[in-house]
Amino acid sequence: MTMQSEELRPEEFGQAAQAVIEAVQGQSGKDAALAMAEAGLFGVCASEDAGGLGLPLEFAMPVVRAAGELQLQFPLPEQIAAAKALQNTEPGQQLLAGEKSVCVVLRGSDELWSGVARNGVQADYVLAQTATGVALFDAADVEKKVAPALDPDVPQLWVKVGAATPLVTLSESDSAVFLNDMRLLWAEYLNGLSAGALERSATYLQARVQFGRPLSAKQAVRHHLARMRLLVEASSAEVWRALRVDELGQTRTSDSALAAALSNASFVLEKATHLHGGMGFTWELDLHRSLREVKKLDATNGAGALMRDVGQRFVESCEVA
């Protein structure tokens, strides 16, 4: 972490990332990946020895938030987390350089379908949670099945690890760190999706005039916008809180931050669609892209299973107390 200094601020990384992401919008996956790698987006948290910036995870948060606000189609959170976890390996160097891309599969099993991956169709590597930890596989070596139900344009991918030989296997401690990083990056990416939808809704409602007044002047509309803003800010605050150790110096769990982000993002995006009126439900207004990303990430994390797990642990802790 030798590059960190008093002059570096995480929000400045978000501003720089926004300019890069805006520039690569509309480019192919490979071209966009190479441009983002050249700008250093993938190596924010990788060590300087590996070619990264060697900064804490908090500096990657504004980067993935900008990706969410701008509806970036490339899986930037997965790339940042995997590049950090695999930085000392050949595949990790390829991820840092933007030469390869990765998808993440959770809730693994060596015998059943391991899980569903966001943007898995385009990925070169599969980073899967198995019964013993997290392992990296060549995408060509695992069994795959396309699942277009949530998104026919960019479908999810069911992955079965089976007997495939892993290229890299992370230790138990490294696997725990990677999963924690991944959940937090996903959570702030979701918060970016919500923030982008909220901004677009506020702009539209201010410009849309009905009976001589902008829609944003109506009290009911303001109440909806206020609640949406509250949920976005609360979710982001929970992510940043999870980055800090607790009162006993222990690392906080990231599960609740991601569970809250999934729930709140779903509400914000559905309400944004509603506030756009009839045009909100058309294919041309691309709010549906953000909502589908939320649903895909929910499916990646077990389709509501994460929230149930958080709730169950809370109930059990109350019973013990």
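**Note on the predicted model: sheets, cores and salt bridges**

1. Once its neighbours within four places in sequence are set aside, Leu127 is in contact with Ala82, Leu86, Val102, Cys103, Val104, Val105, Val134, Ala135, Leu136 and Phe178. Leu127 is also named, with Met36, Leu41, Leu76, Phe178, Leu185 and Leu190, among the residues that have the most contacts inside the largest nonpolar core, a set of 82 residues. Helix H6 supplies the largest share of this core, 14 residues.

2. The average pLDDT of the chain is 89, and 95% of the residues score at least 70. Residues 1-5 have a pLDDT below 50, and this stretch has 10 contacts in the model beyond near neighbours in sequence. Where pLDDT is low, the predicted coordinates should not be read in detail.

3. The four-stranded sheet is open, with the order E1-E3-E4-E7 and mixed pairing. Strands E1 (102-105) and E7 (168-169) are at its edges and have a single partner strand each, so one side of each is left without a neighbour in the sheet. E1 runs parallel to strand E3 (residues 125-130), to which four bridges join it; within this pairing, Cys103 has Val126 of E3 as its bridge partner. Helix H6 (residues 172-207) lies across E1, E3 and strand E4 (133-138), and runs at about 80 degrees to E4.

4. A three-stranded open sheet, in the order E2-E6-E5, is paired in the antiparallel sense. Its edge strands, E2 (115-117) and E5 (143-147), each pair on one side only, and neighbouring strands are turned against each other by 35 degrees on average, with direction ignored. Five bridges hold the antiparallel pairing of E5 with strand E6 (residues 156-160), and Lys144 stands opposite Val159 in E6.

5. Helix H3 is mostly covered, eight of its nine residues being buried, and the elements that cover these buried residues include helix H1 (10-24), H4, H6 and helix H7 (219-242). Gln71, which follows H3 and has a positive phi near 55 degrees, is placed in the loop between H3 (61-69) and helix H4 (76-85). The relative accessible area of Gln71 is 11%, so this residue counts as buried; apart from neighbours within four places in sequence, Gln71 is in contact with Gln25, Arg200, Asp286, Leu287, Arg289 and Ser290.

6. Two of these contacts of Gln71, Arg200 and Asp286, also meet each other in a salt bridge, at 2.7 Å from N to O. Because Asp286 lies in the loop between H8 and helix H9 (287-300) while Arg200 is in helix H6, the pair ties together parts that are 86 residues apart in sequence. Arg200 is partly exposed, with a relative accessible area of 31%.

7. The salt bridge between Asp255 and Arg183 has its closest N and O atoms 3.0 Å apart, and both residues are buried. This pair also links distant parts of the chain, with Asp255 in helix H8 (residues 255-275) and Arg183 in helix H6, 72 residues apart.

8. Within helix H9, Glu293 and Lys296 are three residues apart, and therefore separated by about one helical turn. They form a salt bridge with closest N and O atoms at 2.8 Å, and both Glu293 and Lys296 are buried. Through shared partners, salt bridges join Glu78, Arg118, Asp151, Arg292, Glu293 and Lys296 into one network.

Note on methods
Residues numbered from 1 in each chain as written. Predicted model: local features only at pLDDT ≥ 70, side-chain atom pairs only at ≥ 80, totals over all residues. Heavy atoms only, no water. pLDDT = per-residue confidence, 0-100. Contact = heavy atoms within 4.5 Å. Pairing = 2+ DSSP bridges. Helix = DSSP H or I, 4+ residues; strand = E, 2+ residues; numbered from the N terminus. Axes fitted to C-alpha atoms, helices over the stretch in contact; angles between N-to-C directions. Core = buried A, V, L, I, M, F, W, Y, C linked by side-chain atoms within 4.5 Å. Buried < 20%, exposed > 50% of the residue type's maximum accessible area, 1.4 Å probe, protein only. Salt bridge = Lys/Arg side-chain N within 4 Å of Asp/Glu carboxyl O.
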